[in-house]
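Let's take a walk through a protein model together. Have the picture open as you read, and try to find each spot as we get to it.

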Amino acid sequence: MSTQQASPPSAPEPEERRRPWFLDPGEVAYRYALVGAWIGVIVLFSLLQSDSFFTVSNFQTIFGSQAVLVVLTLGLVLPLAVGEFDLSIGSVLAFSSVIVAELNVKSGLPVGLACVVAVLAGMAIGAANGFFVVVVGVDALVATLGIGTLVTGIGLGLTNSVVQGGIGHGLTTAISTNLLGLPLGFWYGIGLTLVLWYAFRYTPVGRHLLFVGQGREVARLTGLPVQRIRFGAFVLAGGIAGLAGVISAGTLGAADPNAGMSYLLPAFAAAFLGTTVVDPGRFNPWGSVIAVYFLITAVTGLQLLGLDVWIEQVFYGAALVFAVTLSRIVARRREQSA
């Protein structure tokens with residue numbers, strides 16, 4: 001009696017017949033919904049305030065005035081990517097600008113060298129955060145809030161709580177000189193975005209950062225130096241926040257020891273909102289930059305409608321809650337589809 005052997009199941013075709021995401025309209029809409037919302041906001045305010053909103057000068061202001069926030073948000077992305085919070089970045093920004101003013105204006109140090117010291121000071125503060133959080137085991141929210149408050153107090157003491165002006169003209173020139181209609185500070189932010197995007201996407205260090213953030217224990221079991229990666233994320237975040245302080249000093253030509261806290265809420269809102277775009281479910285540089293300019297565009301439009309400056313705080317507070325909620329939803333979808 002002959003038996004009929006069942007034929008083996010056919011092997012799936014390459015990539016399981018899946019089209020690249022950029023050929024899938026649904027996936028494109030999923031990845032770039034925030035860009036669509038940004039365009040919608042521009043259209044809305046252009047219709048409501050065509051004479052003041054939809055102008056070249058207004059868009060130059062929107063894009064050219066946010067270099068400090070862009071750089072600070074990019075710094076914040078690093079600890080967030082490994083699952084940590086850093087509430088000290090705003091204070092580091094203000095303190096590094098104070099360092100530039102103190103060394104350049106009061107001590108006569110060349111402004112370039114003062115900027116290098118300011119960035120190194122930011123990295124040192126980041127290392128202090130890493131020590132208490134990673135080595136000692138203090139909760140990141142508590143440790144970074146305490147370090148940030150300490151740093152703010154030192155900055156206020158150095159400046160007697162007043163704005164310190166007179167920073168060297170070389171720094172203001174290096175930050176505020178226009179290139180293609182936008183200040184150089186904007187292009188520095190874009191350059192940093194490209195560097196971090198490349199690192200996250202194409203280097204082992206960047207992929208390890210994301211891996212640690214997705215599952216610390218799993219990353220440890222695979223042999224990754226989780227503690228060193230977490231520590232390094234804090235150090236780099238401090239250095240980038242120090243760079244944001246240098247850009248702030250160059251933009252204003254002065255150092256304001258109280259300026260840092262005004263950037264903290266927008267930076268967190270942009271970082272979390274950025275997880276919904278480009279690479280949904282993950283903190284990513286391009287998503288954060290898009291989120292910054294989406295938020296600034298909306299705030300600018302509301303202010304041009306005649307709403308007072310309080311609307312900025314209301315909007316950023318609501319945006320942070322919305323962004324965190326939306327990022328959780330997107331992260332769950334990513335986990336379910338993985």
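How many helices and strands does the protein have? There are 15 helices and four strands. Keep in mind that this is a predicted model, and the values below are computed from it.

Next, the chain as a whole. Of its 338 residues, 47% count as buried. Now take the contacts between residues at least 6 apart in sequence: 74% of them join residues at least 24 apart.

**Helix H4 and its partners**

What angle does H4 make with helix H9, residues 184-202? The two pack at about 20°, with their axes 8 Å apart. An angle under 35 degrees counts as roughly parallel, and that makes H4 roughly parallel to H9. The crossing of H4 past H9 is left-handed.

On the H4 side, the contact is made by Ala 67, Val 70, Val 71, Leu 74, Val 77, Leu 78 and Ala 81. H9 supplies Gly 185, Phe 186, Gly 189, Leu 192, Thr 193, Leu 196 and Phe 200. Sorted by class, the residues of this contact are eleven nonpolar, three polar and no charged.

Leu 69, Val 70, Thr 73, Leu 74 and Val 77 of H4 touch Pro 285, Ser 288, Val 289, Val 292, Tyr 293 and Ile 296 of H14. The contact of H4 with H14 has nine nonpolar residues, two polar ones and no charged ones.

H3 passes H14 in a right-handed crossing. Which residues of H3 take part? They are Asn 58, Ile 62 and Phe 63, and they meet Tyr 293, Ile 296, Thr 297, Thr 300 and Leu 304 in H14. The classes here are five nonpolar, three polar and no charged.

Here are the helix pairs side by side:

| Pair | Crossing angle | Axis separation | Handedness |
|---|---|---|---|
| H4 and H9 | about 20° | 8 Å | left-handed |

**The nonpolar cores**

Now look inside. The largest nonpolar core has 87 residues, and Val 100, Leu 171 and Leu 295 have the most contacts inside it. Which helix gives the largest share of this core? That is H4, with twelve residues.

Leaving out residues up to four places away in sequence, Leu 295 touches Pro 266, Ala 269, Ala 270, Leu 273, Phe 315, Tyr 316 and Ala 319. There is also a second, separate core of five residues, including Val 134, Ala 140, Ala 143 and Phe 234.

**A glycine in a helix**

Find Gly 239 in helix H12, residues 226-252. Is Gly 239 buried or exposed? Its relative accessibility is 9%, so Gly 239 counts as buried, the cut-off being under 20%. Apart from neighbours within four places in sequence, Gly 239 is in contact with Val 119, Gly 122 and Met 123. The C-alpha atoms of Gly 239 and Gly 75 are 7.9 Å apart, while 164 residues separate the two along the chain.

**Two loop residues with positive phi**

Last stop: the loops. Ser 161 is not a glycine, yet its phi is positive, at about 65°. Ser 161 sits in the loop between helix H7 (140-159) and strand E1 (164-165), and with a relative accessible area of 46% it is partly exposed.

Leu 180 is another residue other than glycine with a positive phi, near 60°. Look for Leu 180 in the loop between strand E2 (178-179) and strand E3 (182-183). Why does Leu 180 count as exposed? Because its relative accessibility is 74%, and exposed means over 50%.

Conventions
Residues numbered from 1 in each chain as written. Predicted model: local features only at pLDDT ≥ 70, side-chain atom pairs only at ≥ 80, totals over all residues. Heavy atoms only, no water. Contact = heavy atoms within 4.5 Å. Nonpolar A, V, L, I, M, F, W, Y, C, P; charged D, E, K, R; others polar. Core = buried A, V, L, I, M, F, W, Y, C linked by side-chain atoms within 4.5 Å. Buried < 20%, exposed > 50% of the residue type's maximum accessible area, 1.4 Å probe, protein only. Left-handed = near helix turned anticlockwise from the far one by under 90°. Axes fitted to C-alpha atoms, helices over the stretch in contact; angles between N-to-C directions. Parallel < 35°, antiparallel > 145°, perpendicular 65-115°, else oblique.
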